[in-house]
Amino acid sequence: MKREVRLALLGTGAVSPLGWGTRALLDGGTAARQTMATLSRPEIPHAVLRVPMEGPEAAALQGHPRLRRASGISVFLAGACRQALDDAETARGPIPRDRLGLIGLFHTGAVHYSRRFFQGAREQGKKFASPALFPETVYNSPLSHTAAILGLAGRVYSLVGDASGWAGALATAALWLELGAVEAVLVAASEELEPIALEAYEAAGWLGRKAGFLASEGAAALVVGKAGGAPVLAGLEEGVGFRAESGAAAVLEGWDDSLPVARIEPGAWPAGVEDGILPGRPRIGLPGPTAGEAFAATGGWNLIKAGSLGKPLVLPLWGSNLQMAALRLEA
Amino acid sequence: MERGMRRKVWVTGTGLVTALGADAAATWENLAAGKAGRAAITLFGTDGCRCREGAEIRELPPCPPVPGRAAKRISRASRLALAAARQCLSQAGWLDADGRCADPGLPLSLSTTGGAMDWGEGFFDRAHQGKRSRRLTQVALYHPQHQARDLRAAFGLEGSCQMVANACASGANAIGHGFELIRAGWEERVLCGGYEALAELIYAGFDCLQALAPEACRPFSQNRNGLMLGEGAGFLMLESESSARARGARPLAVLSGYGQATDLFHLTQPAADGAALAQSMRDALACAGIGPERVGYVNAHGTGTAANDGAEAGVFARVLGPGNPWTASSTKAAIGHTLGAAGAVEAVLAVLVLQRGRTLPQIQCEQPLPDIAAHLARGEALPGDAVMSVNLGFGGSNAALVLEKADGA
């Protein structure tokens, strides 16, 4: 169901293989390809994109007591959220922390510690399972760390979903704003790359040379508030299941068919489907070099890219599990 | 829709599957009789664990009518969710003769912490052993989005779905989200629920934290020594009063309040003063527009761990007041801690307390904590017309729900 919501995008943050910051996402150079192997075939390397961790921002976050033992997913998330909040507060002044909600979206979740914990329990026995690792395996541990670092003691939701989950996350933010529960909401997503995750992508057939899939990691964050003054999110359709291309087309149609539809970067897996279901429809390319496929984080990166254009458009959010959503942006 | 107004939200259906019963009635009878579902874990090996017992469901609910091979791909988590959701839709009058939902656009608000973790464990084991067959099936079925797909497929649903994973408060958050969607006029009805299947990784995790009780789970007792893991599913059908009335539905209860707050103290431990829980309870009462004197029963989080129960009992005394008639019990001593399902399972039990007019007794609490001793439920007549269900979770999630008797219910 298409829903009219009006949200102002007050601030953005991004941590990606292109670097730390939204500017790197939009204007950065080419991300350096690295290799990673799956668990079952450690001898076969696959090209992947990783977040650079050598800069001062990453070092500062990793020194925080809450992130001392945390894996990449938590560090990326905290970094992107802090950037987005700084961006929003620079533009509009301080946002009271008790009036700032936080919503996090995760698809693969904290797979690094999950794999390490289970592998340890399997190889050494449950008697030696690690109590230091287990809490970090929980879906909401990354968001808990970010809430603690930023001092957000109000509404905090961890949601499970892929890129299409952004529509539901933003709808929830709009609902909280409408109910008066918050003054602004940090909406973010984060994913980390790890051999067991790569194993899943390989099992799905996504790592083949023709698949147009480059596994990646990172985070994206937005601060949204009630509409006024800044680029506006004007409508959304939450992630619905589709089994045929006609179902996907229905999500992208029916807004205002003269609006251009953002073009997923050429070579990415949904690009061919998009071209097939949108004949004759105006298209608009998203700026910036490729940051790869990091599911929930990619949805956020694409939203930041689309918002940076300052033009009305429809942004498709392709999920990985036959689920898709769309956002309508105004200038 | 009456968007912008604050509408009444009715509970028109419930569904429940626990270690003490395949439906709400059976679970209630066993809980009221003071039974506990604790037994040896048979689903996976517990060698090397400090604890070897839990509230495991011995006989899974019947599989939905799907072809033979497809039935094998319905995960344990989905089996629990499908059974509870079916009961809920049926009681609410939303199932047609073919077992499909009469409103295909019905949104879902779901919760879990582990999804179908047993499939994820199988995927890891095969990859770890260098085996490459069946990996896609296992990893695809593991993900929580797949259980949502199972629900959609079983009931013919095409609407939106939100999956909350706020650890052990998730179930209450999923219900709270559905409540707010209806209250704000965004939706007329939402199917809300939580599900959780016992899983080896999660069991080993709680065991290595020494959070599991090696013997009986004793919530709110001074000699408590840990929690008992369980599994199950709970679902509630929430509808706006106006739309439910229009179709002639009757309310089981009114969901009138929801509060949520976050404890920043520690990833796994609540702050000793329970400030976030107190905030969520006060917010829920304010949302409902009632005072604590109306609350007759609280289904407590009551894990049986040292850190949780002391903080929680203190919060109850402060928020609800020592002079008010409230009672409280933790049903986790009997059905176990169902993690991502707990908030939903326990909200269903709170609805049953309202409907039957009796509290659920606290079992296995030989030496009650002073803050709660005078208020522990004994299965007495409900001393009020409102109840609460509260939950805390890893990561600092706290949530509270207020339910009230419906006129004419």
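Across the interface of chain B and chain A there are 8 salt bridges, a salt bridge being a side-chain nitrogen of Lys or Arg within 4 Å of a carboxyl oxygen of Asp or Glu. A:Arg155 forms a salt bridge with B:Glu180, with 2.6 Å between the closest N and O atoms. This is a predicted model, in which local features need pLDDT of at least 70, side-chain atom pairs count only at pLDDT 80 or more, and totals for chains, interfaces and linings use all residues. Residues are numbered from 1 along each chain as its sequence is written, chains are lettered from A in the order in which they are written, and side-chain values use heavy atoms, with hydrogens and water left out.

The contact (heavy atoms within 4.5 Å) takes 64 residues from chain B and 67 residues from chain A. The two chains bury about 5,600 Å² between them, 57% of it on carbon and sulfur atoms; buried area is the accessible area (1.4 Å probe) lost on putting the two parts together, summed over both.

Of the 17 residues in α3(B), 13 are buried, that is, under 20% relative accessible area (1.4 Å probe, protein chains only). Just after α3(B), B:Gly93 takes a positive phi of about 80 degrees.

How values were computed. Buried < 20%, exposed > 50% of the residue type's maximum accessible area, 1.4 Å probe, protein only. Helix = DSSP H or I, 4+ residues; strand = E, 2+ residues; numbered from the N terminus.
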